[in-house]
Amino acid sequence: MSDAIKHECGIAMIRLRKPLQYYYDKYKTPSYGMSKLYLLMEKQHNRGQDGVGVANIKLDLPPGSRYISRYRSVAEKPIQEIFEKIAKKYNKAKKIDEEGYMDAQWMKENTAFTGEMWLGHLRYGTHGKNSIENCHPFLRQNNWRSRNLVVAGNFNMTNVDELFDRLVSLGQYPKEKIDTVTVMEKIGHFLDMEVQRLFDENKDKYDNQSINAIIEEQIDLQGVLQRSCKDLDGGYAMAGMTGYGGAFVARDPAGIRPAYYYADDEVIVVASEKPAIKTAFDIDYDQIKEIPAAHALIIDKDAEYKVVPFIDSLPKKSCSFERIYFSRGSDPNIYQERKDLGKLLIPQVLKAIDHDLENTVFSFIPNTAEISFLGMTEAVDNYLVEERLRAVQKYSNDVEALKKVLTFRPRIEKLVIKDAKLRTFIADDDHRDQLVAHVYDTTYEVVQKGKDTLVIIDDSIVRGTTLEKSILTLVNKLRPKKVVIVSSAPQIRFPDCYGIDMSRMKEFIAFRATLELLEESGQSQILKDVYQKIIENEQDLTKENYVKAIYEPFTDEQISKKVAEIVTPKVMESEVEVIFQTVDNLHKACPEHTGDWYFTGNYPTAGGNRVVNKAFKLFMENSEERSY
């Protein structure tokens with residue numbers, strides 16, 4: 001995506017199912033679990049580069065032994081830093097006692113991060129500060145082993161204020177008002193209650209040590225999640241480990257955030273993306289399962305697992321942006337979906353170039369748009385097959401004309417190249433814009449000046465600033481006849497509130513274009529009418545997305561045309577046209593992932609309506625406050 005946005009997070013969990021010594025003996029190393037977690041996280045580094053955390057729990061150590069370890073980092077290469085620190089502990093243990101190094105019990109008693117349970121998290125900082133304190137996993141510690149809780153997740157809650165107030169009403173005194181802490185404390189509260197329930201049931205029958213064992217065998221994590229998550233509104237894939245060996249990964253009722261798992265007789269593994277699991281464990285894709293929406297994967301103390309419902313489900317609305325851009329394209333389903341997104345754009349593209357393929361150059365903005373680009377060029381090839389069939393009938397007696405048609409190939413060039421090492425470190429606006437314009441470079445002397453049309457595909461156009469200040473300014477130097485910018489995603493019109501950092505209305509180029517259209521057509525009163533509805537219904541903004549009304553007077557094509565006008569630099573000599581994917585075609589390409597609220601305003605949870613209405617209210621009041 002040429003317009004960089006903060007997004008998503010990633011989780012990785014491993015539960016070793018056999019005695020720890022088994023892995024030492026079979027794989028000839030004590031670092032089996034660590035190495036697998038490293039692979040899971042490295043293969044998901046696209047999901048978070050601002051901060052990383054890793055937690056490990058050792059099972060069945062005697063009282064007085066430290067059994068929970070955690071490292072977090074906000075270094076430039078946080079994954080590398082954390083695992084290098086863990087590896088140093090292993091290397092130190094080997095130097096101290098080479099024999100003990102291959103003894104699982106000795107390692108557990110003498111070296112950190114040598115337990116059977118692993119949880120890793122990758123973070124993109126959204127509105128939270130990018131500090132170690134904001135990095136997952138979070139710990140909720142207690143002297144009772146069964147009450148210790150480690151939580152990490154890919155989530156954002158829309159009702160943090162309400163959740164916070166409920167915690168206070170329960171008698172708690174939360175230290176922070178952020179969703180991660182609030183959710184962890186809520187789960188922790190009901191975990192405490194479950195432990196206390198089991199203790200009370202058995203206190204007159206057994207001694208306290210025996211009761212501890214009973215609690216750890218009988219604790220109902222499904223029930224804990226049912227009680228603690230019923231009030232959550234948001235998108236989440238939330239992972240937790242307990243001190244006694246139980247664990248869970250819970251997915252939100254609409255399946256907004258992704259979570260996948262794999263299990264065999266050695267391991268239970270969870271990750272945000274399937275390719276990470278496949279790479280780390282060298283398995284077939286059909287062995288990797290999706291945790292269903294409104295379900296939790298629950299692991300007990302003995303490493304047995306089940307996938308069970310824990311909350312009422314909603315219609316599945318898994319995030320389509322995962323498919324368009326965020327997730328790795330090496331997933332075979334995502335790869336095909338992105339190709340289809342490119343293919344489905346071709347009718348609009350052919351119309352924009354007046355079917356003049358001979359004088360058209362196709363390209364893409366690196367690197368994630370390349371798969372959609374392949375789909376687009378494949379559709380061009382399919383179109384040419386039909387054209388050749390018609391030519392055979394038309395030019396059957398004209399060898400030269402027939403030869404020209406049969407040998408024609410679409411022109412494909414890599415025109416826009418990003419210089420990843422260039423940093424726009426100057427704060428002065430004029431000089432900063434000069435640097436921004438050179439973040440990208442181009443290939444010269446492949447475009448016929450004044451004759452060729454350039455078709456350049458991008459994953460998505462969010463703000464349009466990179467187009468205006470960098471890409472279009474750059475390609476203008478090639479002097480094409482026309483430039484067609486193609487987005488494989490539809491117009492982003494509404495804020496996201498489930499994990500992607502798109503919260504302010506004024507940042508969206510489609511919104512800005514609509515404002516200008518309203519002004520030009522004398523319909524600006526609609527803005528005031530929508531604002532008034534929001535004010536009148538401020539006590540409950542969850543019922544309806546009032547902001548949809550501002551887009552209703554205009555067609556997608558009218559908004560796209562205005563977007564093109566806005567992003568066209570003043571120095572641009574060529575005509576510019578912007579084409580967006582249609583929502584219908586998005587659903588054709590990604591039929592199993594219909595979450596499209598940023599395009600349509602159809603939010604999967606009630607809290608989404610509150611967020612979009614609040615975002616518009618803040619815009620009208622010229623406030624820089626966030627809507628969630």
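## Exercises on a predicted model: sheet and helix packing

In strand β7, Gly234 is the bridge partner of Met157. The model is predicted: local features require pLDDT of at least 70 and side-chain atom pairs pLDDT 80 or more, while totals for chains, interfaces and linings use all residues. Residues are numbered from 1 along each chain as its sequence is written, and side-chain values use heavy atoms, leaving out hydrogens and water.

**Exercise 1.** Describe the pairing of β6 with β7 and the sheet that holds these strands.

*Solution.* 
1. Strands (E, at least two residues) and helices (H or I, at least four) are DSSP runs, numbered from the N terminus.
2. Strand β6 (residues 149-157) and strand β7 (residues 234-242) run antiparallel and are joined by nine bridges. Two strands pair if DSSP finds at least two bridges between them.
3. The open sheet has six strands in the order β5-β6-β7-β8-β12-β13, with antiparallel pairing.
4. β5 (138-140) and β13 (305-309) are the edge strands, each pairing on one side only.
5. From one strand to the next, the twist averages 20 degrees.

**Exercise 2.** Classify the packing of α2 against α3, and state which residues form the contact.

*Solution.* 
1. Helix α2 (residues 32-42) and helix α3 (residues 78-96) pack at about 175 degrees, their axes 11 Å apart.
2. α2 is therefore roughly antiparallel to α3 (angles under 35 degrees count as roughly parallel, over 145 as roughly antiparallel, 65 to 115 as roughly perpendicular, the rest as oblique).
3. From α2, the contact involves Met34, Leu37, Tyr38, Met41 and Glu42; from α3, Ile79, Phe83, Ile86, Ala87 and Tyr90.
4. These residues divide into nine nonpolar, no polar and one charged. Ala, Val, Leu, Ile, Met, Phe, Trp, Tyr, Cys and Pro count as nonpolar, Asp, Glu, Lys and Arg as charged, and the others, Gly among them, as polar.

Notes: Axes are lines fitted to C-alpha atoms, for helices over the stretch in contact, and angles run from 0 to 180 degrees between N-to-C directions. Contact means heavy atoms within 4.5 Å.
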